[in-house]
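Here is a short briefing for a first look. Please view the sequence and the structure before reading on.

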Amino acid sequence: MNMAATEKMTVIQAINSALAQEMERSKDVIVMGEDVGVDGGVFRATEGLYAKFGAGRVIDTPLAESAIAGTAIGMAAYGLRPVIEMQFDGFTYFALHQLILHAAKMRNRSRGRLTTPVVVRAPFGGGIRALELHCEPIEISFVNTAGIKVVCPSNPYDAKGLLAAAIRDPDPTLFLEPKRIYRAFKEEVPLEPYVVEMEKAKIQREGSDVTIISYGAMVRTCLQAAETLSKEVSCEVVDLRTLSPIDEKTILDSARKTGRVVIAHEAPKTGGLAGEIAAIIAEKAMMNLQAPIQRVTAPDTPVPLAKLEEFYLPDEFRIVKAARKAMTF
Amino acid sequence: MPIKTVAEFKVMHMQILDETGKADASLEPKLTPDQLKEMYRLMVLARAYDRKCMKLQRQGRMYTYIPVEGQEACQIGSIAALQKEDWMVPAFRETAAYIAKGIPLKTLCLYWMGNERGNSAPKDVNAFPVSIPVGSQMLHAVGIGWAAKLKGHKTLAITYFGDGATSEGDFYEAINFAGVFKTNTIFLCQNNGWAISVPRSKQTVAQTLAQKGIAAGITFLQVDGMDVLAVYKATLDAADRARRGEGPTLIECLTYRLGPHSTSDDPSKYRKAEETAEWQKKDPVERFKLYLRGKGIWTEEWEAKLQADSDAAIDAAVKDAEADNTPNLEDMFKYVYAQMPDSLKEQMEELKQTVEEKKNSE
């Protein structure tokens, strides 16, 4: 693989590049959803695909999320690789029964006779002053569902490589795209197709005092917190990348090394992924801990409208505060 | 501007065999004696198997069972009109269709005996597993028929559902998508009068369920669901249309569930015995028998042989299923993902070890 040629891309450009290249790679890959064709998607993730691949492979569907997911299940069972777009994370709820009751379970229920390798792309998380119910923390419903994988990149390189991996994967995947960083920054991304292995977390910054674990847009906030703390505390930042199945080894190795753990996410506290990660560490690395595990999450409230969003979403200050608390225990 | 009519629709009803088994010659499908005999054989087998399952459940040898008695014509007539490569996407009352499609009786037994292996069709049988969430499966048949079309295949998918399912949102989404994308899909509604305890009249005030196709702009008709030839012809016509690229069809079959919804309810609580007795007179198996007798195909000796063969096949299947139904703990984990994640492997090993420890401690 020639990884030499790169180009500066945003997350949304990286996603677009993965979609185009996977569609070129296999005729079975099709894209469908609301406004994904002529319009190129409300966030422009599918821009240019309609012109390049035509209406037979880039399909503007009627407005019905359950039908988009349900028909994709039938298509996938027949041998296609549908990549479906939920226009906003909150609309995914209309398709929950199709994804949880059917897509996630088909392989198991049919003893491997039928599989449904559907990729569900959903703009994810808050921070863009969007309308009400456009920023729902949907991840835990799927993390708690066996049979569907959940992926959430934090940067352009991973966005392209993980999406390609999800499309080639034989199991269904929920691919969460942090909309706050769709266009927040650019990074060098290889022009050639490549995959980033799923189910593997990544150490985004090495450190020795505190482990900060996160995913999606929040990883960048954690990296900024680590930088702010760099003169007083050495922070290691773990980017989960795949939320389910989770990479326990990377989490535990880092927790054992530093002995202090902060877990940050945008979703509410109770029943959130931070609780699960804390439990994994408590079960397997408790004796390595030097301080209680700190959770930095949204409160157990509905996602507020834009005016209160900055207080709802964990920010750098709260992560810094939690890391200091772990250090001074 | 005067008010004017912009669209008009007619809801057609088709019956070929009347209750005495006499056929309307202008509509009678061209079936060979062998084809007719095979359809009747399957109806006899399905009915005998269904009754056996009810008994097995009462004896505690099966868990919940969902009987099909009364709806054999809908299911066997429709599968008979399709090709081997066509897909079947059922709800949960499609035992007769499964049998006609080629799912082994042993496999069906395993499902109702609580074993996932019973949801696995043989490789050469294109059938989806039982679908419990009412109405959710139709979309899968739209996806299959759509994918087939995109791949340039003539293959189609038929999906089965009841009158209750037409109240679900997914039903409307399914017929709408199928219409927009002209998918190779047949929607076969078995209007059996009852969604557990709620009568068809309380599902919708629409005069027919067939007319729901109007809103989606697709072809629709109503047929006598106790008449196997009418179901056969309606399905064959729908399949021909789909294979010609003319899109989906909604077929409403007027039928009746002669038994309970499942082994967990008592129909006397919600419907009158007289109603059931009236429908009993329309029994699809009896009616087809009268037709075959009129054609000189049915004889008492043949009937006796069919009954004996069915009983023998059913007894053998039940015996096989009961002998092969020991659960393997690993089976719970093996098919969740293509490759078992490490965390799941760990959970499996832990559970196996605990089960072993528990066994040793007893």
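This is a predicted model: local features need pLDDT of at least 70, side-chain atom pairs count only at pLDDT 80 or more; totals for chains, interfaces and linings use all residues.

Residues are numbered from 1 along each chain as its sequence is written, while chains are lettered from A and ligands numbered from 1 in the order in which they are written.

**Contact between chains A and B**

- Chain A gives 35 residues to the contact and chain B gives 33 (C-beta atoms, placed from the backbone, within 7 Å).
- On the chain B side, α5 (138–150), α6 (169–180) and α13 (342–361) each supply at least two residues (helices are DSSP runs of H or I, at least four residues; strands are runs of E, at least two; both are numbered from the N terminus).
- α5(B) brings the largest share of that side, 10 residues.
- The side of chain B that touches chain A has 21 nonpolar, 8 polar and 4 charged residues (Ala, Val, Leu, Ile, Met, Phe, Trp, Tyr, Cys and Pro are nonpolar; Asp, Glu, Lys and Arg charged; the others, Gly among them, polar).

**Strand β4 of chain A**

- Strand β4 (residues 81–85) of chain A has 5 of its 5 residues buried, so it is largely enclosed by the rest of the structure (buried: 20 or more other C-beta atoms within 10 Å of the residue's own, C-beta atoms being placed from the backbone).
- A:R81, A:V83 and A:E85 point one way from β4(A), and A:P82 and A:I84 point the other way.

**Pairing of β4(A)**

- Strand β2 (residues 29–33) of chain A runs parallel to β4(A), joined by 5 bridges (strands pair if DSSP finds at least two bridges between them).
- A:P82 in β4(A) is the bridge partner of A:I30.
- Strand β5 (residues 119–124) of chain A also runs parallel to β4(A), with 3 bridges.
- A:V119 in β5(A) stands opposite A:V83.

Terms used
Two residues are in contact if their C-beta atoms, placed from the backbone, lie within 7 Å. A residue is buried if 20 or more other C-beta atoms lie within 10 Å of its own, exposed if 12 or fewer, and partly exposed in between; C-beta atoms are placed from the backbone.
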